Amino acid sequence: MKEKFLRQFTEFIFVNDQPQEADVIFIPGNGWPQMAERAAELYREGYAPRLLPSGRHSITKGTFSGVRAGANVYSGDYRTEWEFIRDVLMKNGVPQEAILREDGATYTYENALLSRAVTDREGIQVKRGIICCREEHARRCLLYYQLVYPEAQLLICPASTGITRDNWYLSSRGIEKVLSEVERCGTQFHKILHREAGLDCSGMDM
């Protein structure tokens, strides 16, 4: 019985799609280079002509929290998540002119909202987009970006920062991260459903 529930949680959280040709690659803000490295790989393989990193810093920390891996390679004085991700992209073969700018977001839903403002401003019609995020962040990213781009097909092409579909239930950190994502999807979709139905959703965090 335990294995059944583990499988259900795993299938829900760890979305992973095969890449297809797209209009843009989205990269929600973070301090890990793996997602931007994956995005750069997809760019070099011709899957999309533009990339849109999004992020200022975490709303809880109030400042860019620093490089979480590969600090010997990515050693700039980064003020925002966007600056960090741009540097990772450029060091992995992406020209600066292919990188769009969104450096105001401080949480995931805001990544999606402000990314939409950028693509609208640039006149980019997103019929299909790719999202490069952490593996355990996949479902929540898909939820938010799909809400903001309801007309688009969105594909999740994640990267691992150590927590995977095969090992998340074997460590305290993995259990905490994944089950917290399950809880957040529930509580935040709770607010979305209330809002869509015109019901009071005050006091619920996004």
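**View 1. A117 is partly exposed, at 39% relative accessibility.** "Buried" means under 20% relative accessible area, "exposed" means over 50%, and "partly exposed" lies in between (1.4 Å probe, protein chains only). This is a predicted model: local features need pLDDT of at least 70, side-chain atom pairs count only at pLDDT 80 or more, and totals for chains, interfaces and linings use all residues. Residues are numbered from 1 along each chain as its sequence is written, and side-chain values use heavy atoms, with hydrogens and water left out. A117 sits in helix α4. Helices (H or I, at least four residues) and strands (E, at least two) are DSSP runs, numbered from the N terminus. Now find E102. Along the chain, A117 and E102 are 15 residues apart, and their C-alpha atoms are separated by 9.0 Å.

**View 2. Y109 belongs to helix α4, which covers residues 108–121.** Is Y109 buried or exposed? Y109 counts as buried, because its relative accessibility is 11%. Next, look for F5. Y109 and F5 are 104 residues apart in sequence. In space, the distance between them is 28 Å, C-alpha to C-alpha.

**View 3. R116, D120 and E151 form a network of salt bridges.** A salt bridge here is a side-chain nitrogen of Lys or Arg within 4 Å of a carboxyl oxygen of Asp or Glu. How many salt bridges does the structure hold? There are 10.

**View 4. R79 pairs with E83 in a salt bridge.** The closest N and O atoms are 2.7 Å apart. Look at how the two partners meet the surface. R79 is exposed, because its relative accessible area is 61%. E83 is buried, because its relative accessible area is 10%.

**View 5. The side chains of R140 and E181 meet in a salt bridge.** The N to O distance is 2.9 Å. This pair links distant parts of the chain, 41 residues apart. R140 is in helix α5 (residues 138–148), while E181 is in helix α6. Both R140 and E181 are buried.

**View 6. E181 also forms a salt bridge with R184.** In this pair the closest N and O atoms are 3.5 Å apart. Why are R184 and E181 separated by about one helical turn? They are 3 residues apart in helix α6. E181 has 3% relative accessibility, so E181 counts as buried. R184 has 39%, so R184 counts as partly exposed.

**View 7. V178 lies in helix α6.** Is V178 buried or exposed? V178 is buried, because its relative accessible area is 0%. Now locate E41. V178 and E41 are 137 residues apart in sequence. Their C-alpha atoms are 26 Å apart in space.

**View 8. Y169 is in the loop between β4 (153–156) and α6 (172–196).** Y169 is partly exposed, because its relative accessible area is 34%.

**View 9. The largest pocket holds about 900 Å³ of space.** Of the 32 residues that line this pocket, the closest to its centre are S58, T60, R134, R140 and R184. Two elements, α4 and α6, each give two or more residues to the lining. Which element gives the most? That is α6, with 7 residues. The pocket lining divides into 7 nonpolar, 13 polar and 12 charged residues. Ala, Val, Leu, Ile, Met, Phe, Trp, Tyr, Cys and Pro count as nonpolar, Asp, Glu, Lys and Arg as charged, and the others, Gly among them, as polar. On a 1 Å grid over the protein atoms alone, a pocket is an open set of points with protein on both sides within 12 Å along at least five of seven lines, a cavity is a set where a 1.4 Å probe fits but cannot get out, and lining residues have an atom within 4 Å of a point. Points are joined across faces, edges and corners, and a volume is the space filled by probe spheres set on the points.

**View 10. The largest cavity holds about 40 Å³ of space.** How many cavities of 30 Å³ or more are counted? The count is 1. Which residues line the largest cavity? They are P28, G29, N30, M35, C132, C133, R134 and H137. By class, the cavity lining has 4 nonpolar, 3 polar and 1 charged residues. Look again at R134. R134 lines the largest cavity, and R134 is also among the residues closest to the centre of the largest pocket.
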